[in-house]
Amino acid sequence: MDFSKPIPDATKKTILAKVIGEMEQEIYEVCLRQGVDVNTLPADYTAPAEPADSDTGKIYEPERRIQSLNERIIKCKSDLTALG
C-alpha cells in the first residue's frame with residue numbers, strides 16, 4: 001500500500017492500541033459464549049478441524065473466530081512493540 005504521506009509512529013501507536021482493545025473485547029465475548037476461559041487461552045490456540053461430513057462447514061465457526069482474533073491480537077501487539 002502506498003500512502004501519499006507517511007503516518008507518524010505516534011498515530012500508528014494510537015490506532016494499534018484502539019484496534020487491540022476492540023479485538024480483545026470481541027474475543028472475550030466469543031470466548032464467553034463458547035465457555036472458554038480467555039485467561040487460559042494459549043497463544044497458539046488452534047480451532048478444531050471441521051469434520052469431513054459437515055453439511056455446513058460451520059460447526060467450529062466460533063472457534064475459528066477465536067483463533068483468528070487471537071492471531072490478529074498477537075500480530076498487532078507485536079507491531080505495537082516494534083514501534084517502541
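Predicted model: local features only at pLDDT ≥ 70, side-chain atom pairs only at ≥ 80, totals over all residues.
User: Why is N70 called buried?

Analyst: The relative accessibility of N70 is 9%. Buried means under 20%, so N70 counts as buried.

User: What makes the pair formed by the side chain of N70 and the backbone oxygen of P42 a polar contact?

Analyst: A polar atom of the N70 side chain lies 3.2 Å from the backbone oxygen of P42.

User: Which residues does N70 touch, not counting residues up to four places away in sequence?

Analyst: N70 touches I27, L41, P42, A43 and Y45. Contact here means heavy atoms within 4.5 Å.

User: Why is R72 called partly exposed?

Analyst: R72 also belongs to helix 2. Its relative accessibility is 35%. Partly exposed lies between the limits of under 20% for buried and over 50% for exposed, so R72 counts as partly exposed. Leaving aside neighbours within four places in sequence, R72 is in contact with M23 and R65. The C-alpha atoms of R72 and V19 are separated by 9.8 Å, although these residues are 53 places apart along the chain.

User: How do you know that the length of helix 2 is close to the expected span?

Analyst: Helix 2 has 23 residues, and the distance from its first C-alpha to its last is 33 Å. The expected span is 1.5 Å times one less than the number of residues, which gives 33 Å for helix 2. The two values are therefore close.

User: Which residues of helix 2 are buried, and against what do they pack?

Analyst: The buried residues are E63, I66, Q67, L69, N70, I73 and C76. They pack against helix 1.

User: Which members of the largest nonpolar core touch the most other members?

Analyst: This core has 13 residues, and I27, L41 and I66 touch the most other members. Helix 1 (9-34) and helix 2 each supply at least two residues of the core. Helix 1 gives the most, with six residues. In soluble globular proteins, nonpolar side chains tend to be buried together.

User: What does I66 touch, not counting residues up to four places away in sequence?

Analyst: I66 touches I27, V30, C31, Q34, V36, L41 and Y45.

User: What follows helix 2?

Analyst: Helix 2 is followed by G84, whose phi is positive, near 90°.

Key
Residues numbered from 1 in each chain as written. Heavy atoms only, no water. Buried < 20%, exposed > 50% of the residue type's maximum accessible area, 1.4 Å probe, protein only. Polar contact = N/O pair within 3.5 Å; in protein donor to acceptor, adjacent residues only side chain to side chain. Core = buried A, V, L, I, M, F, W, Y, C linked by side-chain atoms within 4.5 Å. Helix = DSSP H or I, 4+ residues; strand = E, 2+ residues; numbered from the N terminus.
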